[in-house]
Amino acid sequence: MTASSKSFLQMALASAAILCAHGFAAADVIVLANHTARDIPIRFSPLSGYSQSVTLAAGDDLPFYLDGKADVSFTTIGGSKTIRLDANCAYYFSRGSDGRVDVQKIGLGEDGTLTNGRSLPGSASQAPNATITVKILVDEEEPGRQPVWERRLRARVDAASAVFEKYFHTKLQVVAVGTWHSDNQINDFIESLGDFERKVSPAPAQLAIGFTSQWRMARGRLHMAGTRGPLHPYILAREGSPEISEAAKLEFLIHELGHYFGAAHSPERDSIMRPVLGDNKSTRTNFRIQFDPVNTLAIAIISEEMRRRHLTSIGELAPETRKRLGQIYTEIARSLPDDPAAAIYAQLVKSESGTPIVNASRQVVKQIEQAAMDNRMLPTTAINGANPQTRRAGDALTNYLVREAARTAQSQPDDVKQQAFLLGVAIGLNDNDAQAQLMSAGRVVGAIETPGERPVRLTMLGEPTLREHRELLRPFLSALLQTVNTSADAAQDAGIAKELADAARAGGFSFRDLAANRAGAHLAGEVLQKHVPLGLLAFAFSTTSYMPEVDDLPEKLSLAEFKEQFGDQDDPRFTKMLQQIDQRISTEPGYRPLSAPSKH
């Protein structure tokens, strides 16, 4: 960042403090990016507020905090030019082949409703900077003594904090350190993140950052760090590999903190939010950490609201803020169709507590709970024929609860009823904590059913099954949940990845579990496309209509046995097995066309 840019930000902080003292605070953000090879002097003039002169350095992406719209003036060939800028939008300067400088708007799905500004709740007298408290933890594999690793990691967090404080008025403050015992049997990163979350509390901080030395470097792409999305209170990063430089580790940390503050992956190759780091860019002499303009906008919008009031989840953001973020994430998702992060974030900001999809899903879960309670009140056996209705169990219980879920979903708003049915069933029939740990789905699940409500439902649930196997119901439900949050293909890919991970452990690879996963993903996809109507499910859902017989499929294969019999994911033998499973699923009675009524 240039000295002039730094001076501008210092003035912006000072003006924000003055505005706060008078009972006003900036609610909007405009991002300006310089995509030319030269510095560009500009004058930034909010329609409500003070004009300021600043020089945008080549490659800079700067957020401007203000109320409402603004004008930007600059010099180009033929004289000066002034452009009106919409609030909560991003723009970039470019230079044409004739040398003229101009400003282009980055289209991010805006519909005009927020371009004049947005009103935020909270106190306007808050300090200019927001502070996120942090707890640093290492696992038992950390080789260094605490004074050594604590000094190293505090310095890294401080360096990351300086980036966010400079651009977003938000800083990190380490308030606690600690250790945890990582599971030596886990070699899947997402499972390790879940293990970290179960064993560690962020308290007394808002954010727990774990550094694990459990891992050793291997060829190919690896998860070097991860979190579950905006404002999720856990980040996990690999630490114990000497092959990774300190500069690269700082990149990984800032990348994950970017996710924490609301950034998705970016197609811009120089952005810290590019999907693949570890590309040695940090070793270049001219390297600098920078965000792209779109993610700069997203982070600035969230951090501006964090600056005004205490937030612990995306659901606590103002509706206007969540609406704008949804538009931004949707456009990012279009630019990276093979990367699910932005699409998940778009669903997340639309699916937090108080939104129609969560309200509808809660109704479905509550009906499942009530139906399970009614079932539990029935006798286990008929008493002298006086009460022919007895307590349901196994597949009969699953059929009953799913039908009740579909019946309730039918009465929900048309634009969310299919998603509400799938989310309600995935949560309402689930008794396995691990299924709620899907990437970026945890808080959506928590908004639909709180931790306090869950034990009540589990007490009443009973033991629903799929094809009379409890263990088959779990991957089936997991696929429902993941299909709603991503896609049927992504859910099936996750099922394969899980089974391959299981092959390296005691459980082994199970084609039966994989079939249940694919059956759940297929049903969810058909429901979302309305090929399977909720009315049919409410009237006649049966596990045997949507889940094929799988007792003949191999299971408990060790990794060596799997490779000997099926090679790898690209092996024709494995592909053939998947095709056979999918063929069984697609020919189940629930997917057969209904016969035309006979004429008499």
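Is Ser182 buried or exposed, judged by its relative accessibility? Select Ser182 to begin: with a relative accessibility of 11% it counts as buried, where buried means under 20% relative accessible area, exposed means over 50% and partly exposed lies in between, using a 1.4 Å probe and protein chains only.

Before going further, note that this is a predicted model, in which local features need pLDDT of at least 70 and side-chain atom pairs count only at pLDDT 80 or more, while totals for chains, interfaces and linings use all residues. Residues are numbered from 1 along each chain as its sequence is written, and side-chain values use heavy atoms, with hydrogens and water left out.

**The surroundings of Ser182**

Ser182 sits in the loop that runs between strand S10 (170–180) and helix H3 (189–199); helices (H or I, at least four residues) and strands (E, at least two) are DSSP runs, numbered from the N terminus. Show the side chains of Ser182 and Gln214, which make a polar contact at 2.6 Å; such a contact is a pair of N or O atoms within 3.5 Å, where, within protein, one must be able to donate a hydrogen and the other to accept it, and residues adjacent in sequence count only if both atoms are side-chain atoms. Leaving aside residues up to four places away in sequence, Ser182 touches Asp139, Glu140, Glu141, Asp195, Lys199, Thr212 and Gln214, contact meaning heavy atoms within 4.5 Å.

**On to Pro202**

Next select Pro202, which is placed in the loop between H3 and strand S11 (207–212). Its relative accessibility is 13%, so Pro202 counts as buried. Not counting residues up to four places away in sequence, Pro202 touches Lys135, Leu207, Ala208, Pro233 and Tyr234.

**The antiparallel sheet**

Now select residues 40–46, which form strand S2; 5 of the 7 residues are buried, so the strand is largely enclosed by the rest of the structure. S2 belongs to an open sheet of 4 strands in the order S3-S2-S5-S6, with antiparallel pairing, and two strands pair if DSSP finds at least two bridges between them. The edges of this sheet are strand S3 (52–56) and strand S6 (79–85), each of which pairs on one side only. From one strand to the next the twist averages 30°, with axes being lines fitted to C-alpha atoms, for helices over the stretch in contact, and angles running from 0 to 180 degrees between N-to-C directions.

Follow the sheet across. S2 and S3 run antiparallel and are joined by 5 bridges, with Ile40 opposite Leu56 in S3. These two strands form a hairpin with 5 residues between them, and in the turn Gly49 has a positive phi of about 140°. S2 also pairs with S5 in the antiparallel sense over 5 bridges, and there Ser45 stands opposite Asp71. Strand S5 (residues 70–76) in turn pairs with S6 over 7 bridges, again antiparallel, and Phe74 faces Lys81 in S6.

**The mixed sheet**

Another open sheet has 4 strands in the order S4-S1-S7-S8, and its pairing is mixed. Its edge strands are strand S4 (61–66) and strand S8 (101–106), each pairing on one side only. Select strand S1 (residues 28–34), which is joined to S4 by 6 bridges and runs antiparallel to it; the bridge partner of Ile30 in S4 is Phe64.

**Two helices**

Select helix H4 (residues 246–260), where 13 of the 15 residues are buried, so that the helix is largely enclosed by the rest of the structure. Just after H4, Gly262 takes a positive phi of about 115°.

Then move to helix H6 at residues 319–335. The buried residues of H6 include Thr321, Leu325, Ile328, Tyr329 and Ala333, and among the elements covering its buried residues are strand S7 (89–95), helix H5 (293–308) and helix H7 (341–350).

**The whole chain**

Finally, display everything: the protein chain has 19 helices and 13 strands, and 54% of its 600 residues count as buried. Of the contacts in the chain with a separation of 6 or more, 73% are between residues 24 or more positions apart.

How values were computed
Expected span 1.5 Å × (residues − 1).
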